[in-house]
Amino acid sequence: MEILRDCTLFYVCVYLLSSLSVGTKTGYWLFSVTAVDKLDCIHEGDVYIVERLFSSSLVVVVSLSMPQRMNVYHFKKGTEICNYSYSNNILSVRLNRQRLVVCLEESIYIHNIKDMKLLKTLLNTPSNPTGLCALSINHGNSYLAYPGSTTIGEITIYDANNLSTLSLIQAHDSPLAALTFNSSGTKLASASEKGTVIRVFSIPEGQKLFEFRRGMKRYVSISSLSFSADAQFLCASSNTETVHIFKLEQHSPSQEEESPTWSTYVGKMFTAASTYLPTQVSDMMHQDRAFATVRLNMFGLKNICALAAVQKLPRLLVASSDGCLYIYNLDPQDGGECVLVQKHRLFDSGEEQPEMKDGEKNPEDGPAQPPSQTYAATVALPSTPPSTTTLMGYSEDGGAQKGEVIPEHEFAEGPVCLDDENEFPPRKSCRD
């Protein structure tokens, strides 16, 4: 989702298939979240950006020692598939079954993931020091969203399959802070640096569908947005103690007439009055509030949230820079305050952890799940010399030299599961 850079820096990505990737300044871990009370560490390594292709063994990593170089690995075999070097530091990486996108501060590189061929370079994009971008996981459209301005919240929607710009969305008055697509790539959620309003747009048209108000009292730093798999819910986390979950539903007039209540009556009064009020006030009156919330036992720490089905039940997962993963139950009917059901420490007891604040509770704290040292040793990544290739622009034929990197059958609909015995032979480098 996003990369958070501070002294307790961590990178977290929670996929719909309940795969959790965590990166810190000292390394990265891949976890499997198949049950509430169990967190399995399946791999670890020494990098600070890590992106996994769904549940497959394909992992893209960037290390602190070589921040301009991207390595593609088969992590279970411990073999390198290929690597690319760029002119500046890599800030984020996004991938689906069709495309791999590398974001630098002022340029974006789009690769064909099957053979790692460089298809397009978007040069001189607006300065993007956080590497903010989003790529649809639906490879059928492969929509890419990134900031179109440094002064306002303009979003550029780019078709990474057909390599063309589709639309510009004027989403916010202030610069963007967070972007995310739903699983089908038909909706895009955004938040600005103010962090008070979250908007959802149709893609690729850019029509505003929903507008949610996170709060009015203060500006916050939104650190993540995430849709549920069915796109019925959207969660947002920030540097505050509250995680908000919004429900994406249209309120039809027929529903209101069937169940007239006092709140419905008051709502109609507000709607009628809003036509006579200034636009900013009118917009505020039409913004929906959170359907469900989580009150974290910490303040000022950056958090990454995701909605996923664990053991066939809707759960909210919150990974915090205190080094913990919190799992909450979500009531999809009534919403309200979510209930904490499990807390996991993502690192073993040997890792230095921030001190718990006074009065912080730890209900049903799961046992520490240290990474498997034996397994990690068997997949230690071999050291390879840095690639001499530096990508500067468009490449007609740059790619892997010996055929496909990912076999054709891996691009079918459904979960990706690689044949670890036969796929991904090692490559030395991918050269232009």
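Is E211 buried or exposed? At 10% relative accessibility, E211 is buried, where buried means under 20% relative accessible area, exposed over 50% and partly exposed in between (1.4 Å probe, protein chains only).

A few friendly notes follow. This is a predicted model, in which local features need pLDDT of at least 70 and side-chain atom pairs count only at pLDDT 80 or more, while totals for chains, interfaces and linings use all residues. Residues are numbered from 1 along each chain as its sequence is written, and side-chain values use heavy atoms, with hydrogens and water left out.

1. The count comes to 4 salt bridges, each being a side-chain nitrogen of Lys or Arg within 4 Å of a carboxyl oxygen of Asp or Glu.

2. Salt bridges with shared partners join R199, K208 and E211 into one network.

3. E51 and R94 form a salt bridge at 3.4 Å, N to O. Their positions are 43 residues apart: E51 lies in strand 6 (residues 49–52), R94 in strand 10 (residues 92–95). E51 is buried at 4% relative accessibility, and R94 is buried at 9%.

4. Please look at E80 and R69 too, whose side chains meet in a salt bridge (3.4 Å, N to O). E80 sits in strand 9 (residues 79–86) and R69 in strand 8 (residues 69–74), 11 residues apart. Both residues, E80 and R69, are buried.

Technical notes:
Helix = DSSP H or I, 4+ residues; strand = E, 2+ residues; numbered from the N terminus.
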